[in-house]
Amino acid sequence: MKRNIVIATVAAAALIGGGTATALAVTGDGDSKVKQSSVRAADDDRDDSADDDRDDRDDRADDKADRAEDAADAKAAKVTAADAITAALKSVQGTAVSADLDDEGSSLVWDVDVLSSGGAWHSVSVDPGTGKVLGSHTEQEDADDTAEARAALKGSSVTAVEAAKAAAAQGTVTSVELDDDGRTNAWDVDTTAANGAEKEWKVDLKSAKVTADTSSDDNSSDHDDNDSDDDGSDD
């Protein structure tokens, strides 16, 4: 469901687990620091100041570099999405509604969103190298969004963990999110191949059947970088 939550207030910030971690990115004053992640994100410090002046050939080179970084991040995550979600649920009770492999500064973390039975949203950070919970905070979510998530989950039998496992045969799972817009009864799952190519999938909430997300442009352009005959005249 691609939740980009706008945090109205931060109800709590707590240290959970041990190991090394990265600072959990939250808004609000007085947030507690959490530990550093043991996994460093791929270098994303390239100078983009001249991007506007680059031609299509340079853009394609940048795309290949981005894919290389995506592949490196996916490979660096020794803890799978399913295991990260399982670890988060041992820390916070509720239903996992999303898990994303994210850059937090120079480090890589699994960011798992959990909806509690009382309606609270918890964002749990999990180390992708060790599987340890690094920290968590509670977020104030819009009541409509909470109702939509609950409605989407009603009658479902496939959990986020099961969706991640079902899609793992398609590549390294880097994101699992509940599609709660009412159009499909599915989990949205992103995978990254060894060459960095990304694909999006739908995992049925009742049968766990995995199908390609045909609404995604990415699925139809996975091999664009290999089209050597493309003269780059079209943007």
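This report describes the confidence of a predicted model and the packing of one of its helices, H2, against helix H4.

## Confidence of the model

The protein chain has a mean pLDDT of 76, and 68% of its residues reach 70 or more. Confidence is highest in helix H4, at 98, and lowest in strand S1 (residues 10-14), where the mean is 31.

Two stretches call for separate mention. Residues 1-32 have a pLDDT below 50, although the model gives this stretch 87 contacts beyond near neighbours in sequence. Over residues 220-235 the pLDDT likewise stays under 50, and the model has 14 contacts beyond four places in sequence for them.

## Packing of H2 against H4

Two packed helices are described by the angle between their axes and the distance between the axes. Helix H2 spans residues 81-91 and helix H4 residues 160-167; their axes come within 8 Å and cross at roughly 170°. Because angles over 145 degrees count as roughly antiparallel, H2 is roughly antiparallel to H4. The crossing of the two helices is left-handed.

On the H2 side, the contact is made by Ala81, Ala82, Ile85 and Thr86, and on the H4 side by Ala160, Val161, Ala164 and Lys165. Of the residues in this contact, 6 are nonpolar, 1 is polar and 1 is charged.

Within H2, the residues Ala81, Ala82, Ala84, Ile85, Ala87 and Ala88 are buried. Their cover includes H4 together with strands S2 (95-104), S3 (107-115), S4 (121-126), S5 (133-139) and S6 (172-178).

How values were computed: Residues numbered from 1 in each chain as written. Predicted model: local features only at pLDDT ≥ 70, side-chain atom pairs only at ≥ 80, totals over all residues. Heavy atoms only, no water. Axes fitted to C-alpha atoms, helices over the stretch in contact; angles between N-to-C directions. Helix = DSSP H or I, 4+ residues; strand = E, 2+ residues; numbered from the N terminus. Parallel < 35°, antiparallel > 145°, perpendicular 65-115°, else oblique. Left-handed = near helix turned anticlockwise from the far one by under 90°. Contact = heavy atoms within 4.5 Å. Nonpolar A, V, L, I, M, F, W, Y, C, P; charged D, E, K, R; others polar. Buried < 20%, exposed > 50% of the residue type's maximum accessible area, 1.4 Å probe, protein only. pLDDT = per-residue confidence, 0-100.
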